[in-house]
Amino acid sequence: MVKKNACIFISGKGSNLKNLILKSRDYNFPIKIKLVISNNKNAYGIFHAKKNSIPYLIVNTKLRNFEYLILKSLKKNKINLICLAGYMKIISKNFLSKFNKKIINIHPSLLPKFKGLNTYSKILKNNEIKTGCTVHYVNEKIDNGKIIIQKNFFIDSSDNENTIKLKTQRLEYKAFPEAIIKIYRNF
Ligand code: GRF
């Protein structure tokens with residue numbers, strides 16, 4: 001199969017990146033990870049790119065033209081899909097209008113609930129019965145684009161922020177690859 005070229009954007013640990021690298025080794029998985037972009041030079045996730053010989057770009061978001069540099073690199077690598085995997089920087093309207101391919105994001109809640117930051121503490125404070133994760137298309141509003149896939153679980157009375165995070169991330173490792181398969185199956 002002809003795989004689509006993907007770029008994964010990270011800012012931190014990169015466990016979703018690691019998982020997508022593993023999945024993309026499968027002949028039938030629709031993407032090849034051509035590039036990793038991090039806005040944080042100390043992101044642990046860069047290690048996964050290095051270890052797997054995937055080119056990576058560390059961007060300095062203090063530079064006024066940093067999105068232009070990203071766009072240039074995406075073009076050079078013929079990227080068809082951007083996966084935001086814990087990327088902690090807002091994608092600008094200008095970027096969205098210039099990159100006219102797909103951009104998807106993973107968020108650790110059942111959107112439209114609990115957009116933005118500090119998701120786990122908000123979920124607990126709100127005494128939710130269920131939570132989970134969402135993969136969605138990215139638009140100009142934060143955590144707001146069309147939902148591709150959601151996975152959920154019931155919250156136990158013994159759960160805390162750490163256990164909810166662990167359970168959510170376990171689901172993320174299923175949801176992100178499934179969302180990518182779904183996108184290209186429907187294409
Ligand atoms: C994930 O939980 C994702 O939902 C959120 O940021 C986290 C990134 O984790 N947007 P990792 O860097 O992939 O380990």
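Into which domains is the chain divided? There are two entries to remember: domain 1 covers 1-100 and domain 2 covers 106-187, with bounds that come from an automatic or database domain assignment. Their centres, taken over C-alpha atoms, are separated by 20 Å. Domain 1 gives 19 residues to the contact and domain 2 gives 15 residues, where contact means heavy atoms within 4.5 Å.

Before going on, a word on the model. It is predicted, so to speak of local features a pLDDT of at least 70 is needed, side-chain atom pairs count only at pLDDT 80 or more, and totals for chains, interfaces and linings use all residues. Residues are numbered from 1 along each chain as its sequence is written, and side-chain values use heavy atoms, with hydrogens and water left out.

**The sheet and its helices**

Let's turn to the sheet. Seven strands form an open sheet in the order 3-2-1-4-5-6-7, and the pairing is mixed. Helices (H or I, at least four residues) and strands (E, at least two) are DSSP runs numbered from the N terminus, and two strands pair if DSSP finds at least two bridges between them. At the edges, pairing on one side only, are strand 3 (56-58) and strand 7 (147-154). On average, neighbouring strands are turned by 20 degrees against each other, direction ignored. Axes here are lines fitted to C-alpha atoms, for helices over the stretch in contact, and angles run from 0 to 180 degrees between N-to-C directions.

Strand 1 (residues 4-10) and strand 2 (residues 31-38) run parallel and are joined by seven bridges; K4 stands opposite I31 of strand 2. Helix 3 (residues 66-76) packs on the sheet, touching strands that include strand 1 and strand 4 (81-84), and its direction makes about 160 degrees with that of strand 2. Helix 6 (residues 161-185) also packs on the sheet, with strand 5 (102-107) and strand 6 (130-137) among the strands it touches; its direction makes about 150 degrees with that of strand 7.

**Around the ligand**

Residues with a heavy atom within 4 Å count as near the ligand, and among those surrounding it are K13, S15, N16 and H107. The table lists polar contacts, meaning pairs of N or O atoms within 3.5 Å.

| Protein atom | Distance to a ligand oxygen atom |
|---|---|
| G14, polar backbone atom | 2.7 Å |
| Q169, polar side-chain atom | 3.0 Å |
| E172, polar side-chain atom | 2.4 Å |

Taken alone, the ligand exposes 370 Å², and the protein buries 85% of that; areas come from the Shrake-Rupley method with a 1.4 Å probe.

The peptide bond from L111 to P112 is cis, with omega near 15 degrees.

Notes
Polar contact = N/O pair within 3.5 Å; in protein donor to acceptor, adjacent residues only side chain to side chain.
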